[in-house]
Amino acid sequence: MKKLKNKKAAKKSNLKLMKVKIGSVKDFFDNTREVMRDADKGKSITKRCATLTFVDPHEMLHFLSAAKIKLIDNIRKHPDSITNIAKAMNRPRSAVRRDIHEMESVGIVKTHVEINPAGHGRHKIVELVASTLKLEAYI
């Protein structure tokens, strides 16, 4: 796999932690209400980690399939283009692209364009938004 040309810029925006958990809509609004009350009181809003919450445990299990977990591990170790990631994982490019777009839509991964090292053309690099994913399952 190719190394990132500008690793510093890529790591700048990475969060340290993203939680993936099961929760209700009520939990979400309770948390939001708590943050807004602190803001109304003039308290500074503390930085929290990004959280991806699923209402249905089955939906979470479907979303975080074994293939996607392997894909996340691969991207963590070697951020690269979709084509190179698919080759490294021996998976069809279309399947990897579909999984990456699904994970990008919920904020687990992001893509950015880089100029090829040889200077001809560009390619998209896929990287994780957070360096660590923490799974919180309360079933």
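Predicted model: local features only at pLDDT ≥ 70, side-chain atom pairs only at ≥ 80, totals over all residues.
Reader: Why is N116 called buried?
Author: The relative accessible area of N116 is 18%. Buried means under 20%, so N116 is buried. The residue sits in the loop between strand 3 (109–115) and strand 4 (122–128).

Reader: What makes the backbone oxygen of H120 and the side chain of N116 a polar contact?
Author: The backbone oxygen of H120 lies 2.7 Å from a polar atom of the N116 side chain, and a polar contact requires N or O atoms within 3.5 Å. Beyond residues up to four places away in sequence, N116 also touches G121, R122 and H123.

Reader: Why is F29 called partly exposed?
Author: F29 has 46% relative accessibility. Partly exposed is the class between buried, under 20%, and exposed, over 50%; F29 therefore counts as partly exposed. This residue belongs to helix 2 (residues 25–40), and together with V25, F28 and V55 it makes a nonpolar surface patch of about 420 Å².

Reader: How do you know that the span of helix 2 is close to the expected one?
Author: Helix 2 has 16 residues and reaches 22 Å from its first C-alpha to its last, against an expected 22 Å at 1.5 Å a residue. Just after helix 2, G42 takes a positive phi of about 85 degrees.

Reader: What makes D30 and R33 a salt bridge?
Author: Their side chains meet at 2.9 Å, N to O, and the cut-off is 4 Å, so the pair qualifies as a salt bridge. D30 and R33 are three residues apart in helix 2, and are therefore separated by about one helical turn. An α-helix has 3.6 residues a turn, so residues three or four places apart point the same way. K26, D30 and R33 are linked in a network of salt bridges.

Reader: Why are R76 and D73 said to be separated by about one helical turn?
Author: They are three residues apart in helix 4 (residues 66–77), which means a separation of about one helical turn. R76 forms a salt bridge with D73, the closest N and O atoms being 2.9 Å apart. R76 has 36% relative accessibility and D73 has 32%; each counts as partly exposed.

Reader: Is D99 buried or exposed, and how do you know?
Author: D99 has a relative accessible area of 5%, and buried means under 20%, so D99 is buried. D99 lies in helix 6 (residues 93–105). Its side chain meets that of R91 in a salt bridge of 2.7 Å, N to O, and R91 is buried as well.

Conventions. Residues numbered from 1 in each chain as written. Heavy atoms only, no water. Helix = DSSP H or I, 4+ residues; strand = E, 2+ residues; numbered from the N terminus. Buried < 20%, exposed > 50% of the residue type's maximum accessible area, 1.4 Å probe, protein only. Contact = heavy atoms within 4.5 Å. Polar contact = N/O pair within 3.5 Å; in protein donor to acceptor, adjacent residues only side chain to side chain. Patch = residues over 30% accessible without salt bridge, like charges linked within 9 Å, V, L, I, M, F, W, Y side chains within 5 Å. Areas by Shrake-Rupley, 256 points an atom, 1.4 Å probe, with all protein chains shown as cover. Expected span 1.5 Å × (residues − 1).
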